[in-house]
Amino acid sequence: MLKPIFWEQVMKKILFVGTAITVFILFFIIFYILKNGLAVVDMEFLLSSPKDFGRAGGIFPCIVGTIVLSLVAIIIATPLGVGTSIYLSEYTRESKLTSIIRFGTDCLAGIPSIIFGLFGFVLFVVYLGLGWSILSGGLTIAFMILPTIIRTSEEAIKSVPDYYREVSLSLGGTKWQTIVKVVLPSALPGIVTGIILGVARSIEETAIVIFTAGSVLRIPTSLFDSCRTMSVHFYILAREGISMENAYGTATILIITILLINAFAYWLMHRLMAKYS
Amino acid sequence: MEYKIELVNLSVYYGDFHALRNINMQIGAKTITALIGPSGCGKSTMLRTINRINELIDGTRIEGKILIDQKDIYHPKTDILQLRKKAGMVFQRPNCFPLSVYDNITYGPRVHGIKKKAELDEIVEKSLRATWLWDELKEKMKKSALSLSLEYQQRLCIARVLALGSEIILLDEPCSALDPITTLRIEELLVELKKDYTIIIVTHNMQQAARVSNYSGYMLMGELVEVNETSKIFTSPQDKRTEDYITGRFG
Amino acid sequence: MKSRENLIQFGLLIIALSTIVILLLIALFILKEGLPIILRVGIKGFICSTHWSPQQGQFGILAMIIGTAWITAGAILVSLPLSLSCAIYLSEFSTPKVRGTLKPIIELLAGIPSVVYGFMGMVILFPLIRNYLGGAGPSILTASVILGIMILPTITSIAIDSLQAVPHSYREGSLSLGATRWQTIRMVILPAAKTGILSGIILGIGRAVGETMAVIMIAGNSVIIPKSLLDPVRTLTANIALEMNYATGDHRQALFATGIVLFITIIILNIIAHTIARGGVEK
Amino acid sequence: MEDKIIIKDLNLYFDTHHVLKSINLNIKANEILSIIGPANSGKTSFLRTLNRLNDITSAVKISGEILLDGMDIYKKGISLPWLRRKVGMVFALPVPLPRSIFENIVYGPRLNGVTSKDRLEELVEKTLKSAFLWDEVKDRLHTSGTKLSGGQQQRLCIARSLALEPEVILLDEPCSGLDPLSTSKIEEALYELKKQYTIVLVTNNTKQAARVGDNVAFFLMGDMIEYGSSEHIFTVPNDKRTEDYITGRFG
């Protein structure tokens with residue numbers, strides 16, 4: 001009768017190895033990029049403009065482009081996403097309509113960024129005449145990150161215990177008062193996490209940016225200017241072999257930004273959770 | 001008299017929380033013992049230390065000894081799988097697996113290495129008959145257990161323990177999800193099973209304890225306040241706290 | 001008071017419809033741009049022909065479809081063993097603390113930009129494959145390995161969630177019958193979590209089919225029918241991204257038509273995932 | 001005594017499940033009506049029809065009439081916030097909102113547009129005194145309500161519902177999680193409160209119903225089996241099922 005226990009031990013080891021490999025890959029990627037890139041990164045790299053198509057100089061315009069583009073995307077996507085999730089979780093019972101909306105959200109989440117790129121290109125760049133611009137790019141990216149925000153906010157709102165709603169209603173609150181004063185504050189950590197994940201997704205996006213915001217290497221001065229984000233810059237440097245050194249440098253900044261954003265989301269979630277529970 | 005189960009200076013901690021305080025208790029073979037007390041008093045914890053299912057909870061620490069058939073079940077060499085086979089458990093809510101009736105009952109025998117169809121069939125019939133389910137379910141072996149009514153599911157859970165070949169049955173508020181008539185039927189079943197098994201039942205319903213058990217233990221905030229023959233507990237409790245509880249000053 | 005509440009509800013409804021509107025707009029624009037060429041060449045001529053030479057007016061995307069299929073299948077083969085062991089280990093064998101730490105870290109893998117993955121394929125896998133297996137480097141194999149790693153977090157994270165959604169009482173029930181943890185996993189937990197895990201895998205397939213930039217960097221992009229894992233191929237997504245910036249006329253329409261094929265594939269995958277998830281609701 | 005609430009032929013369905021079956025009942029002003037019965041007999045659902053809190057759950061269907069001071073509360077055009085201010089509610093689990101004691105109590109009045117600081121402070125003091133909590137918390141009104149003990153939290157919830165100056169108070173097993181001491185404090189508070197308010201108390205504890213209730217209604221599986229004065233129900237019940245329940249044959 002040793003057999004079942006023996007098998008358990010064997011399987012546990014196999015599964016552990018699989019887990020270890022997965023975690024190792026992650027750390028390897030991060031370590032490898034940082035090891036090669038940190039040498040290039042200094043204040044000058046961050047704050048100066050690229051020279052000679054990026055062969056020399058820094059990545060300042062790309063940092064500005066990345067920030068502005070994600071800001072625009074978030075400002076558009078947040079009200080739409082949070083509004084949708086409030087509607088889905090507070091105002092309707094499960095019905096045909098909600099299942100259609102949910103299905104639409106799932107589909108939107110699955111659509112490849114290249115399709116968003118094509119769409120943004122036809123609609124905003126060509127049809128509405130916005131050209132390759134921050135506005136076209138921001139709108140398109142907003143559509144892409146919308147499902148992320150909807151899903152995380154909806155989950156957060158649903159996880160607010162029903163008895164909070166009942167207490168507020170039984171104290172004579174209207175539905176909207178209850179949502180604003182009790183539900184949203186309690187769901188805030190989850191909602192903010194969703195928004196931050198949206199920021200992370202817009203920072204990493206490449207295909208959409210090339211198709212809708214272009215890749216002009218200048219500091220943008222208006223929403224109608226084209227811009228180049230760090231991801232796009234990195235892609236061009238690496239794929240066209242312009243400068244491996246600066247590619248590593250850009251990737252380092254990208255990875256550090258993503259790490260910081262995730263860590264921040266994590267920290268914020270825990271802080272707010274501690275405050276509201 | 002040799003005791004089937006003995007708890008010796010048993011203490012349980014969840015992290016810093018002292019859940020059971022220095023419990024001493026002896027339980028004889030083929031009796032029904034009821035544990036009563038307000039919620040959070042540690043009765044479920046006590047039940048769950050007897051087949052060591054409590055270890056699933058992180059940060060559980062245990063002091064003292066539990067002897068089953070004079071053997072310390074917390075001894076490092078104890079075969080925990082055999083222990084759980086010997087002391088089967090029925091939970092508060094029926095927890096049939098999302099498998100067929102047949103697969104639910106044969107689950108225990110199969111994990112313990114019984115593979116022959118004929119042997120399994122025999123076990124199924126025997127344990128279903130013992131729980132008065134055979135006539136109703138013999139045509140429904142392939143049906144999902146989750147499609148049965150709650151009562152049948154709970155009886156199936158008891159049948160599952162019987163199929164395992166247990167000697168001890170631990171029941172954790174087995175009737176709390178059931179209606180009065182069903183409750184009475186399960187109680188009758190327990191009294192019947194007492195002939196062959198040692199049964200410990202946790203219940204929040206004092207009348208239930210009074211109806212089915214030979215012995216009752218009253219617990220409060222991790223302590224075993226009083227244990228005695230059931231009739232004595234309910235007619236002449238020794239401890240003021242037991243009396244408070246029985247007369248309904250709690251909850 | 002009442003009318004204000006109604007106004008709010010109406011406003012939120014309009015907002016909630018935005019995802020549907022966006023989805024329809026996308027379908028509309030892609031179809032409008034791409035459908036004419038499909039109608040002209042014929043569905044069969046477009047999907048079943050291997051000749052892609054826009055200058056000669058030949059628009060067959062079979063090679064790209066095959067390329068996409070190979071890379072996706074490879075990615076799943078690479079990803080499944082890792083993601084499933086990871087999910088099972090973290091959900092069933094590790095402590096909540098370890099799970100709570102490692103799950104976000106693995107989800108972080110999803111946050112690394114896809115171009116960085118592609119880059120890793122170029123600088124790490126190309127030399128390895130050149131030295132030990134031959135060929136130039138860009139190939140189905142490279143792309144499969146990298147995409148497999150990219151979809152790891154998607155599948156792992158969904159699989160962990162589905163495993164964790166299996167009621168704890170099943171675990172208690174099984175263990176209290178004297179089963180080992182592995183028996184519990186194999187006989188109770190995995191069957192109960194099956195549907196969730198499957199829809200996670202399908203979403204992973206969707207991600208692999210749709211990935212663009214990383215694939216361009218490592219798949220080689222040749223329009224050929226591959227004969228070995230070391231052959232370079234072009235995917236549907238790469239086809240669009242590579243040629244879009246100089247394509248005009250029929251050529252441009254053909255690229256949008258490629259987009260239609262992608263779009264429909266993704267929608268079908270989503271419908272499958274949805275159906276599985278719904279069929280799985282047994283309680 | 002006059003009737004505060006009149007319930008005529010009340011039926012309630014959740015989807016196809018018939019939860020309340022043709023209930024007819026009059027609740028008198030300034031009485032404590034206790035509602036007893038085993039789990040799932042519709043007690044809580046009944047309570048929640050009185051302030052229409054069932055409406056927030058989907059798929060609820062209701063027929064019949066509930067008259068509060070002669071006005072049908074299910075009539076079209078009734079403002080739910082208005083109704084719920086008149087009919088306050090205390091839940092089984094104490095649920096302080098995640099804010100300070102002070103903020104918890106003024107939450108309701110603020111929603112109704114009371115902004116004067118003096119008025120709010122006056123309300124806080126008055127209601128905390130009525131709930132017998134003032135002395136224990138007067139020095140820490142601005143600490144979190146979730147930091148209080150279970151019994152204090154429940155009294156805070158009672159105070160919070162009083163701050164709306166309701167006419168009827170619904171209590172849903174308010175003592176189910178509490179120790180004897182907290183229970184008796186709450187019972188004491190209820191006894192005082194009934195001078196000003198009409199109180200409907202759902203309880204699992206028949207002895208509690210006997211102690212505090214003027215009248216008692218016994219519910220079983222959605223039917224109201226019996227209604228009468230406490231003495232009557234607990235000494236000479238008319239219905240066999242009531243007797244079965246009171247003597248503990250259920251659950």
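A:Phe24, A:Phe28, A:Tyr32, A:Phe234, A:Tyr248 and C:Phe119 make up one aromatic cluster in this predicted model. Rings of Phe, Tyr and Trp (its six-membered ring) count as a pair if their centres lie within 6.5 Å; planes under 30 degrees apart are called stacked, over 60 edge-to-face, and the rest tilted. Over all chains, the structure holds 21 aromatic pairs. One of them joins A:Tyr248 and C:Phe119 edge-to-face, with 5.0 Å centre to centre and 75° between the planes. This pair crosses between chains, running from helix H11 (residues 244-276) of chain A to helix H6 (residues 114-132) of chain C. Helices here are DSSP runs of H or I with at least four residues, strands are runs of E with at least two, and both are numbered from the N terminus. A:Tyr248 and C:Phe119 are both buried, where buried means under 20% relative accessible area, exposed over 50%, and partly exposed in between (1.4 Å probe, protein chains only).

Residues are numbered from 1 along each chain as its sequence is written, and chains are lettered from A and ligands numbered from 1 in the order in which they are written. Because the model is predicted, local features need pLDDT of at least 70 and side-chain atom pairs count only at pLDDT 80 or more, while totals for chains, interfaces and linings use all residues; side-chain values use heavy atoms, with hydrogens and water left out.

Stay in helix H11 of chain A for a moment, where you will also find A:Thr250. Is A:Thr250 buried or exposed? A:Thr250 is buried, with a relative accessible area of 0%. Leaving aside residues up to four places away in sequence, A:Thr250 touches A:Phe45, A:Ile59, A:Met230, A:His233, A:Phe234 and A:Leu237. A:Phe234 is also a member of the aromatic cluster.

Now step back to the boundary that the cluster crosses. Which chains share the most contacts? Of the 5 pairs of chains in contact, that is chains A and C, contact meaning heavy atoms within 4.5 Å. Here 75 residues of chain A meet 74 residues of chain C. The two chains bury about 6800 Å² between them, 83% of it from carbon and sulfur atoms; buried area is the accessible area (1.4 Å probe) that two parts lose on being put together, summed over both. There are 0 salt bridges between chain A and chain C, a salt bridge being a side-chain nitrogen of Lys or Arg within 4 Å of a carboxyl oxygen of Asp or Glu. The count of residue pairs in polar contact (both at pLDDT 80 or more) is 6. A polar contact is a pair of N or O atoms within 3.5 Å; within protein, one must be able to donate a hydrogen and the other to accept it, and residues adjacent in sequence count only if both atoms are side-chain atoms. Helix H1 (residues 3-37) of chain A gives the most to the side of chain A that touches chain C, with 21 residues. By class, that side has 56 nonpolar, 13 polar and 6 charged residues. Ala, Val, Leu, Ile, Met, Phe, Trp, Tyr, Cys and Pro count as nonpolar, Asp, Glu, Lys and Arg as charged, and the others, Gly among them, as polar.

Chain A also meets chain D, with 17 residues of chain A in contact with 26 residues of chain D. About 1900 Å² is buried between chains A and D, 67% of it on carbon and sulfur atoms. A:Glu166, A:Ser170 and A:Leu171 supply 33% of the area that chain A buries against chain D, more than any other three residues. Between these chains there is 1 salt bridge: D:Arg48 pairs with A:Glu166, the closest N and O atoms being 2.7 Å apart. H7(A) gives the most to the side of chain A that touches chain D, with 7 residues. That side divides into 7 nonpolar, 7 polar and 3 charged residues.

On the chain D side, look at helix H3 (residues 101-111), where 9 of the 11 residues are buried. The buried residues of H3(D) pack against H7 and H8 of chain A, together with helix H4 (117-130), helix H5 (134-137) and helix H6 (150-162) of chain D. Just after H3(D), D:Gly113 takes a positive phi of about 90°. Chain C and chain D do not touch, their nearest C-alpha atoms being 8 Å apart.
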